[in-house]
Amino acid sequence: MAAVVVLGMGRSEVKILLCIDKPAWSYHQIALALVKHKADADLHSDILALKGNIQEFISVERTYDRVLLFGHQLLDLIPWHKRVDSARWLTGIHSSHAFDHELYTTPDYDLVPPPILLRSLRKFRAVNCVSQRLFNLFGGKGLNLHLTPNGVNTELFKPTLPLSTDGPLRVGFAGTAKGIHDRRKGLREFLIPACQAVGAELVAAVARTESALPPASMPAFHNSYDVFVLPSSSEGFSIALLEASACGRVVISTRVGGSTELITDGVNGFLVDRTVDAIADRLAWIRDHRESAALMGMRMRATVEQEWSWEKRAPAWLSFLKA
């Protein structure tokens with residue numbers, strides 16, 4: 001089987017198939033974290049990338065006690081997707097843009113889940129949400145709903161370089177910013193002009209471009225700048241934000257998804273309105289208060305260690321897998 005990882009085996013074995021979209025993307029990172037941090041000896045899980053392996057999925061999925069489609073939109077990859085096995089299949093809600101066409105959800109507004117999506121989700125044995133905001137949005141809709149916030153590998157993602165004490169402020173961005181994705185991520189509309197306004201240097205790792213980086217390079221990338229900015233219109237729970245936070249960077253985010261759960265404004269990071277001026281104002285403060293900014297980054301690292309490591313977050317995910 002392609003991309004197989006074994007969690008473990010025991011007498012009362014529960015076999016789980018973790019279905020991701022493709023290797024090295026966010027679903028894959030979460031799946032690998034669950035592999036590493038599983039605590040139950042009776043769990044045996046395999047990871048299968050669906051893109052390019054649909055026939056393999058069809059041939060093996062019935063041999064598993066649980067089948068998790070990480071994102072509900074992955075159902076569209078399966079030709080006979082209407083035949084969801086309600087006794088065994090699980091799925092997840094990782095974002096709003098998977099159902100709002102990347103246009104409607106904003107930091108201040110949530111699009112009500114469409115009835116066609118809810119009907120589809122009700123076919124699954126259980127459904128997970130990666131942030132409290134998504135959980136609140138889908139609660140009371142007749143779903144067997146589980147709250148499973150994302151976490152981060154604090155052993156891999158950790159501070160290895162200090163924030164700069166002088167010179168141009170280095171600002172980090174990581175994500176997809178191609179076509180319609182850029183409207184949601186806000187790289188060109190908000191972050192680039194905010195950096196220009198304060199004379200900051202932008203350091204970017206943008207998927208599907210020449211600046212894209214493999215997962216193994218991301219810890220060094222997150223240590224190469226001073227402040228990470230997430231100017232998105234919507235998020236589920238940004239993996240990049242968690243990685244930057246674990247590396248002790250100062251973080252600035254719009255009030256999206258899990259950002260409001262991770263960041264205490266003015267204490268371990270900043271929550272801002274989605275405007276160029278609001279982002280530039282916080283960048284200027286960090287530029288002019290380097291020592292205070294460094295302390296803020298240290299507080300964020302402590303927050304992640306205490307609350308957002310995969311050691312802390314994996315148990316809820318594993319409970320969901322066995323729901």
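Buried means under 20% relative accessible area, exposed over 50%, and partly exposed in between (1.4 Å probe, protein chains only). The model is predicted: local features need pLDDT of at least 70, side-chain atom pairs count only at pLDDT 80 or more, and totals for chains, interfaces and linings use all residues. Residues are numbered from 1 along each chain as its sequence is written, and side-chain values use heavy atoms, leaving out hydrogens and water.

Select Arg 184 and Glu 235. Their side chains meet in a salt bridge (3.8 Å, N to O); the term requires a side-chain nitrogen of Lys or Arg within 4 Å of a carboxyl oxygen of Asp or Glu. The partners sit 51 residues apart, Arg 184 in helix H5 (residues 180–185) and Glu 235 in the loop between strand E9 (227–230) and helix H8 (239–246). Helices (H or I, at least four residues) and strands (E, at least two) are DSSP runs, numbered from the N terminus. Arg 184 counts as buried because its relative accessibility is 5%. Glu 235 is also buried, at 11%.

Next, select Arg 255 and Asp 273. Their closest N and O atoms are 3.1 Å apart, in a salt bridge.

Finish with Glu 61, Arg 62, Asp 85 and Arg 88: salt bridges link them in a network.
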